Amino acid sequence: MTTNTSGAGERGGAPGDASYGHILGTGVDTSHGAILYLEDITVSFDGFKALNTLTLDIGVGELRCIIGPNGAGKTTMMDVITGKTRPDSGTAFFGQTLDLTLMSEHQIAHAGIGRKFQRPTVFEHHTVFENLELAMEMDKRVWTTLFATLTGEQRDAIAANLELIRLTREAHRPAGLLSHGQKQWLEIGMLLMQEPQLLLLDEPVAGMTDAETERTGELLNELRGKHSLVVVEHDMDFVAAIAVGGRVTVLHEGAVLAEGSMDVVQNDARVIEVYLGR
């Protein structure tokens, strides 16, 4: 899938609303300025409502931080977006026309939604370069993947990605020898090789050093605008660093408790009571 950027727009509304651009991709109609719509999503497990009429939307090119206490529904929300969990009720659309509730996990990934889990998953016995090569969107038949010769354009794409994820010097190093933070960056790079329009990142800085956390923030800010990002994170300092100029959504008991700029949600009495505890 290829993406290109043209124009920009804004959606008025609640304090802290992010500006909405227009990133157009094959089969994904983002002409209304939002790339993801969730409306009245409810998911129950043995009578417990993991999501309770959850409604939110993500702007094109936006970096949205999702925070909330354990059990707030953050993981279930991402499971619904990626097709791993089917909602009991409600609607979930990627762009204006793609109904995620009717698509398989593979179809959703192919449509342009990439998900990174908290624990990095890379091919540890392959080099960093080979990991990116394997992740590249191309003919996935085993024979082609293992024996194809990369074109100059493909090599350039990998080189640009290596620079973006700060791993150019590690290109020919086995992925298993990377630090935890470097493995996280590599997995993000592997997702980027598939040119997703929407990236879902689950606690991307968990277990990182302070220096790695800072560099991850820089990376996500570089991706903002080129991709839409949903970042679930518990590290409030990291959220504050990447949420500048954007919106933060606070989930509680499967629904949106508060939403707005970082300053707005940090000073919301309900958020302080159920999550921040100060």
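How many helices and strands are there in the protein chain? The protein chain has 10 helices and 12 strands, where helices (H or I, at least four residues) and strands (E, at least two) are DSSP runs numbered from the N terminus. The model is predicted: local features need pLDDT of at least 70, side-chain atom pairs count only at pLDDT 80 or more, and totals for chains, interfaces and linings use all residues. Residues are numbered from 1 along each chain as its sequence is written, and side-chain values use heavy atoms, with hydrogens and water left out.

The average pLDDT of the protein chain, the predictor's confidence in each residue on a scale from 0 to 100, is 86, and 85% of the residues score at least 70. Over residues 1–26 the pLDDT stays under 50. For that stretch the model has 74 contacts beyond four places in sequence, a contact meaning heavy atoms within 4.5 Å. Of the 278 residues in the protein chain, 52% are buried; buried means under 20% relative accessible area, exposed over 50% and partly exposed in between, with a 1.4 Å probe and protein chains only. Among contacts in the protein chain with a separation of 6 or more, 65% are between residues 24 or more positions apart.

**Helix H3 and its partners**

Helix H3 spans residues 128–135. Because 6 of its 8 residues are buried, H3 is largely enclosed by the rest of the structure. The buried residues are Val128, Phe129, Asn131, Leu132, Glu133 and Ala135, and they pack against H5 and helix H6 (180–192).

H3 and helix H5 (residues 152–164) pack at an angle of about 120 degrees, with their axes 10 Å apart. That makes H3 oblique to H5. Axes are lines fitted to C-alpha atoms, for helices over the stretch in contact, and angles run from 0 to 180 degrees between N-to-C directions. Angles under 35 degrees count as roughly parallel, over 145 as roughly antiparallel, 65 to 115 as roughly perpendicular and the rest as oblique.

The axes of H3 and H6 come within 8 Å and cross at roughly 30 degrees. H3 is therefore roughly parallel to H6.

The crossing of H3 and H5 is right-handed, and the crossing of H3 and H6 is right-handed as well. A crossing is right-handed if the near helix is turned clockwise from the far one by less than a right angle, and left-handed if anticlockwise.

The residues that form each contact are listed below.

| Contact | Residues of H3 | Residues of the partner helix |
|---|---|---|
| H3 with H5 | Val128, Phe129, Leu132, Glu133 | Arg155, Ile158, Asn161, Leu162 |
| H3 with H6 | Val128, Asn131, Leu132, Ala135 | Leu186, Gly189, Met190 |

By class, the contact of H3 with H5 has 5 nonpolar, 1 polar and 2 charged residues, whereas that of H3 with H6 has 5 nonpolar, 2 polar and no charged. Here Ala, Val, Leu, Ile, Met, Phe, Trp, Tyr, Cys and Pro count as nonpolar, Asp, Glu, Lys and Arg as charged, and the others, Gly among them, as polar.

**Two buried threonines**

Thr213 is found in helix H7 (residues 210–223) and is buried, with a relative accessible area of 15%. Not counting residues up to four places away in sequence, Thr213 touches Val205, Met208 and Phe238.

Thr249 is found in strand S11 (residues 248–252) and is buried, with a relative accessible area of 0%. With residues up to four places away in sequence again left out, Thr249 touches Leu56, Arg64, Cys65, Ile66, Ile67, Val256, Ala258 and Glu259. The C-alpha atoms of Thr249 and Glu259 are separated by 4.4 Å, although these residues lie 10 residues apart along the chain.
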